[in-house]
Amino acid sequence: MPDFIQIHPKDNVAVALHPIAKGTAFAGVTALADIPQGHKMALAPVAEGEHVTKYGFSIGHATAAIQSGDWVHTHNMSTNLSGEMEYTYHPKVEFPAPMEPGTFQGYRRADGRAGIRNEVWIIPTVGCVNDVAKALVRENQDLVSGSVDGLYTFPHPFGCSQTGEDHAQTRKLLAALVRHPNAGAVLVLSLGCENLTHEQFLAELGDFDRDRVKFLICQQVDDEMEAGRALLQECAAYARKFQREAIPASELVVGMKCGGSDGLSGITANPVVGRFSDMLVAQGGSTVLTEVPEMFGAEGFLMDRCVTPEVFQKAVEMINGFKAYFIRHNEVVYDNPSPGNKQGGITTLEDKSCGCVQKGGSAPIMDVIGYGDPVTTKGLNMLYGPGNDLVSATALTAAGAHLVLFTTGRGTPFGAPAPTMKLSTNTPLAMQKKGWIDFNAGVVADGTRTLDEAAADLMALVLEVASGKQTCTERKGFREISIFKDGVVL
């Protein structure tokens with residue numbers, strides 16, 4: 001197993017691929033201290049104030065003189081970032097060579113879309129009915145039969161006592177979940193006196209299939225459990241009409257996100273996902289990249305890949321708009337990475353962001369979409385959303401992602417409503433947390449698979465999951481949502 005990797009020839013640091021003992025040599029440089037896995041060692045002297053370079057980009061500056069072989073981390077370097085920026089479009093758009101799409105066994109919906117699961121979902125419009133929804137799921141598991149893959153609900157605390165944009169975002173997000181193609185049928189569960197009225201929800205939902213979507217307002221029935229059971233029976237009967245059939249991978253929409261990142265995230269799992277994204281796009285499919293705050297400082301990887309000036313402008317507005325959101329709340333724009341990220345070897349937001357955006361591969365950015373909006377353009381899309389795991393994975397699901405690829409260096413059990421595949425950045429995590437991890441990208445650091453080989457392995461696994469193979473989170477029944485909130489609670 002190699003000891004270090006210098007990611008780009010311009011880099012003046014190398015990353016430890018496993019814990020390194022003081023005195024270990026790499027590229028003619030001897031480690032002057034023990035270097036933890038995922039952390040950086042200086043390959044050349046860096047004077048105070050000079051740039052530290054990784055991925056070929058500056059990830060910050062030295063706050064003290066750094067010697068060759070020094071451990072480089074929060075004690076001797078800091079971010080260069082501040083405030084909003086102006087961007088200039090220098091297009092570098094290269095489409096991947098087309099590939100014949102693979103196939104998966106999915107469900108063809110009545111409206112022509114494809115799904116990879118055939119589930120019945122209960123969507124509460126307000127937190128007051130969360131326990132009713134959970135009881136309906138618990139007491140109606142006998143309806144999961146035939147081609148129905150499961151019965152689930154997604155509790156949340158909102159739908160009432162919200163105003164303005166928050167109220168609109170809750171309504172939009174829940175309606176997007178109702179439309180998700182992995183749900184063969186949906187029961188929308190309301191209380192009856194909440195701010196999010198039945199009439200508002202119908203207006204947000206627009207045209208819908210009345211055989212597929214049912215509504216229950218608890219205050220308008222004598223027994224919500226009995227009424228709910230009857231409606232769920234109708235939902236299950238409708239969903240059972242769908243059977244798996246061969247569908248081209250060009251119809252897949254895959255969300256991409258990272259959480260609990262470490263110093264290997266940008267070297268193993270995220271680039272593997274990036275190569276996968278390019279492969280799926282080459283087959284005519286779609287991928288979605290979000291976590292806008294984790295693009296800060298790495299815009300150079302993304303902006304010039306926008307397919308048109310109009311898409312570029314949408315990307316600029318998304319990134320600077322998110323910075324304005326931070327400033328509006330008197331928050332430091334670059335108050336990141338998290339303590340866990342730092343422990344794993346990530347020092348600055350530039351360091352984290354340059355690793356994070358590796359998930360986007362090299363394909364052109366075809367569109368930039370808003371929170372709760374659906375993917376409508378084939379290829380790589382950017383989605384407005386925060387870095388928070390639960391909120392961003394929920395937003396990816398609402399955008400229409402059939403499944404979410406979730407890379408992690410530290411591990412997490414969380415699952416979104418869409419099947420959530422966990423990819424470990426390192427082999428020790430994959431070995432320790434076999435009940436969490438679906439795919440080990442640590443094989444790249446181990447030297448047993450190249451990035452391209454690992455991406456091909458991942459593509460094969462994605463098609464298996466799209467065809468019905470359950471992820472670790474699905475087997476455990478771990479599914480939840482979190483809705484982006486900004487304003488006042490009444």
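Lys433 lies over the face of Trp436 in this predicted model, and the distance to the ring centre is 4.2 Å.

**Aromatic pairs**

- The count of aromatic pairs comes to 14.
- One of them joins Trp121 and Phe154, with ring centres 5.1 Å apart and an angle of 90 degrees between the planes, an edge-to-face arrangement.
- Trp121 belongs to strand β12 (residues 119-124), while Phe154 lies in the loop between β13 (150-153) and α2 (164-178), so this pair ties together parts that are 33 residues apart in sequence.
- Trp121 is buried, with a relative accessible area of 0%.
- Phe154 counts as buried because its relative accessibility, 0%, falls under 20%.
- Phe296 and Phe326 also form a pair: their ring centres are 6.1 Å apart and their planes stand at 70 degrees, which is over 60 degrees and therefore edge-to-face.
- Phe296 is placed in the loop between β18 (286-289) and α6, and Phe326 in helix α6, so the pair links parts that are 30 residues apart in sequence.
- Both Phe296 and Phe326 are buried.
- These two residues belong to one aromatic cluster, together with Phe322, Tyr325, Tyr371, Tyr384 and Phe484.

**Packing of helices α5 and α12**

- Two packed helices are described by the angle between their axes and by the distance between those axes.
- For helix α5 (residues 269-282) and helix α12 (residues 451-466), the angle is about 65 degrees and the axes are 8 Å apart.
- The crossing of α5 and α12 is right-handed.
- Helix α5 contributes Pro271, Val272, Val273, Arg275, Phe276, Met279 and Leu280 to the contact.
- Helix α12 contributes Leu451, Asp452, Ala454, Ala455, Ala456, Leu458, Met459 and Val462.
- The residues of this contact divide into 13 nonpolar, two charged and no polar.

- Val311 has its place in helix α6, which covers residues 309-328.
- With a relative accessibility of 8%, under the limit of 20%, Val311 counts as buried.
- Leaving aside residues up to four places away in sequence, Val311 touches Cys306, Ile365, Met366, Asp367 and Val368.
- Val311 and Asp351 are 40 residues apart in sequence, and their C-alpha atoms are 26 Å apart in space.

Notes:
Residues numbered from 1 in each chain as written. Predicted model: local features only at pLDDT ≥ 70, side-chain atom pairs only at ≥ 80, totals over all residues. Heavy atoms only, no water. Helix = DSSP H or I, 4+ residues; strand = E, 2+ residues; numbered from the N terminus. Buried < 20%, exposed > 50% of the residue type's maximum accessible area, 1.4 Å probe, protein only. Contact = heavy atoms within 4.5 Å. Phe/Tyr/Trp six-rings, centres within 6.5 Å; stacked < 30°, edge-to-face > 60°. Lys NZ or Arg CZ within 6 Å of the ring centre and 35° of its normal. Axes fitted to C-alpha atoms, helices over the stretch in contact; angles between N-to-C directions. Left-handed = near helix turned anticlockwise from the far one by under 90°. Nonpolar A, V, L, I, M, F, W, Y, C, P; charged D, E, K, R; others polar.
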